[in-house]
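Subject: Model for your files, with notes

Hello,

Here is the structure I promised to send over. Please open it alongside this message.

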Amino acid sequence: MGKTLIKNGHIWSAHDDFIGDILVDGDKIAAVGKDLDKVYSADETIDASGMYVFPGGVDVHTHMELPFMGTSSADDFETGTLAGLHGGTTSIVDFAIQTQGNSLSDCINHWHEKAGNKAVGDYAFHCAVTDFNEKTAKEIPGIIEGGITSFKTFMAYKGALMIDDKMMLGLIKDVRKHGGLVTVHAENGDIVDSMVEHYKKEGTLDPKYHALAHPPEAEAEAAARVMDLAHYHDAPIYLVHTSCRQSLDRMKQNFMREQRIFIETCTQYLLLDDSVYDQPNFEGAKYVMSPPIRKKDDQTALWHSLQCGHIHTVATDHCPFNFCGQKDMGKDDFSKIPNGAAGIEHRLELIFSEGVKKGKITMNRFVEVMCSQPASIFGLHNKGTLGLGKDADIVILDPNKKHSISAKTHHHNVDSSIYEGWELTGRVNTVLARGKVVVRDEKADQVEKGQGQFQKRNKFNFSL
Ligand code: URP
Ligand code: ZN
Ligand code: ZN
């Protein structure tokens, strides 16, 4: 790979911005400054005049080819990471989920097999622990040393993925001891289960009852509980897909006792409200996910927390299921609708358009929560920044280009979009992944199956 010069772009980091140039040498950033063409020669020059230039997006919450609820999420590592590249996301952290009864290394090996010769974007794994016992505990230090430094837990999905508080405490303690970070799907599985039973008894089985069976109290209670468990062991804790005001209130209280809590929300919780479940003809099933889409008031709280720094990352929880053939497994019973939706391709463009363009967050904050902070929290030491010597993952975005989202044109391998018809301002034009142009003029360019690389991550930085 030769040298590429990106000229005259409006370069943004989490803290500053200027009009200037970036020199890429091979797969790394070699120089950042002004008038670099006077000092360096390059094999290719990309004119970025009028464009925004920022680090490749890092989506730390995806589920590619996840076996779940009797089916499998529709994007594999190739289609999912390719959709990501189109939207400027150059790295993901996917969940390698342990099957109860099997070892953690089995699940990690299995995820390596799924991703290894398919991913076109770089990837790392969280190790999701669904069965914590003496045997699995022994695996933790080796997994962390091997560069998988975060562990996922579920407080819901009873009988499948959920672990109890005793397992949670043991895991938090061991992971902290060996320098890792525990991440949590916080929903009280018992509340959810009893609500599901209730609605089934009543014969109220439409998709909207999925939302009613997952109330904010279930999320806030579990979030508060796991923060206490982590506090007890003086361990950091990362809460995934935070969706509601009640959870945020509990989290803010715990910041005051100086606890290290990291909060993720997802694009859909910032942008959609629960009126989506009123759509006729089973359309509400497209939005069945856990936690569910909340009320407008929750959106307001999420945006405010994003602005003021209480929310650290925006991810997608990308977990697509086809409307025909997958979501319709729950046509007569909402509890059988596979939970999840697609989002990786449009995360950056949606938050840019709805957040930056509409004045809800600054462009620096955008770079921080979409690129830099996800990378630094999860030890992706070469990602999320345009610093010298870092991986040349670079997005060139046209800040004024208008376009709309449709399942007819998206690159997700799924037949519908929860953002169908959304009109956006700001479009990803060109993307470099480790120095190689992979998207040019909005189209994939010479992308090779399997070109994505597994990223070994650093241990958790306790000074964060
Ligand atoms: O509905 C969701 N979120 N599906 C994916 C699995 C999870 O809970 O993250
Ligand atoms: Zn979850
Ligand atoms: Zn998830």
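Below are the notes on the model, site by site and strand by strand.

This is a predicted model, in which local features need pLDDT of at least 70, side-chain atom pairs count only at pLDDT 80 or more, and totals for chains, interfaces and linings use all residues. Residues are numbered from 1 along each chain as its sequence is written, chains are lettered from A and ligands numbered from 1 in the order in which they are written, and side-chain values use heavy atoms, with hydrogens and water left out.

**The zinc ions**

Start with the zinc ion (ligand 3). H61 (NE2), H63 (NE2) and D317 (OD) coordinate this ion at 2.0 to 2.2 Å. Donors here are N, O and S atoms within 2.8 Å of the metal (3.2 Å for Na, K and Ca); water is not among the atoms, so sites may look incomplete. The sequence spacing of the donor residues is H-x1-H-x253-D. H61 sits in strand β6 (residues 57-62) and D317 in the loop between β15 (313-315) and α11 (347-356), so this pair ties together parts that are 256 residues apart in sequence. Helices (H or I, at least four residues) and strands (E, at least two) are DSSP runs, numbered from the N terminus.

H61 is buried, at 0% relative accessibility. D317 is buried too, at 10%. Buried means under 20% relative accessible area, exposed over 50%, and partly exposed in between (1.4 Å probe, protein chains only).

Now the zinc ion (ligand 2). Its protein donors are H185 (ND1) and H241 (NE2), lying 2.1 Å from the ion. H185 belongs to strand β12 (residues 181-185), and H241 to the loop between β13 (237-239) and α8 (245-255), so the pair links parts that are 56 residues apart in sequence. H185 is buried, with a relative accessible area of 1%. H241 is buried as well, with 3%.

How far apart are the zinc ion (ligand 2) and the zinc ion (ligand 3)? They are 3.7 Å apart. The site of the zinc ion (ligand 2) is irregular, with angles of 57 to 149° among its four donor atoms. Four donors count as tetrahedral if all angles lie between 85 and 135 degrees; four count as square planar and six as octahedral if opposite donors are over 155 degrees apart and all others between 65 and 115; anything else is irregular.

**Domains**

The protein chain is divided into domain 1 (3-54 + 386-401 + 425-444) and domain 2 (56-377). These bounds come from an automatic or database domain assignment. Taken over C-alpha atoms, the domain centres are separated by 31 Å. The contact between them takes 26 residues from domain 1 and 22 residues from domain 2. Contact means heavy atoms within 4.5 Å.

**Nonpolar cores**

The largest nonpolar core has 113 residues. A core is a set of buried Ala, Val, Leu, Ile, Met, Phe, Trp, Tyr and Cys residues joined through side-chain atoms within 4.5 Å. F54, C127, F151, I172, I237, M363 and F366 have the most contacts inside it. Helix α7 (residues 216-232) gives the most to this core, with seven residues. Domain 1 and domain 2 each supply at least three residues to this core.

Take F151 as an example. Leaving aside neighbours within four places in sequence, F151 is in contact with residues including C127, V129, I140, L171 and V182. A second, separate core has 15 residues, among them A48, M51, A392 and L432.

**Strands**

Eight of the 10 residues of strand β1 (residues 3-12) are buried, so this strand is largely enclosed by the rest of the structure. β1 pairs with strand β2 (residues 17-25) in the antiparallel sense, over eight bridges. Two strands pair if DSSP finds at least two bridges between them. G9 has G20 in β2 as its bridge partner. A hairpin of four residues joins β1 to β2.

β1 also pairs with strand β4 (residues 44-47), in the parallel sense, over four bridges. There, T4 stands opposite E44. β1 and β5 run parallel, joined by two bridges, with H10 partnered by Y52.

Strand β5 (residues 52-55) pairs in turn with strand β16 (residues 394-404), antiparallel, over four bridges. V53 faces I396 in that pairing. Eight bridges then join β16 to strand β17 (residues 423-433), again antiparallel. H403 has L424 in β17 as its bridge partner.

Best wishes
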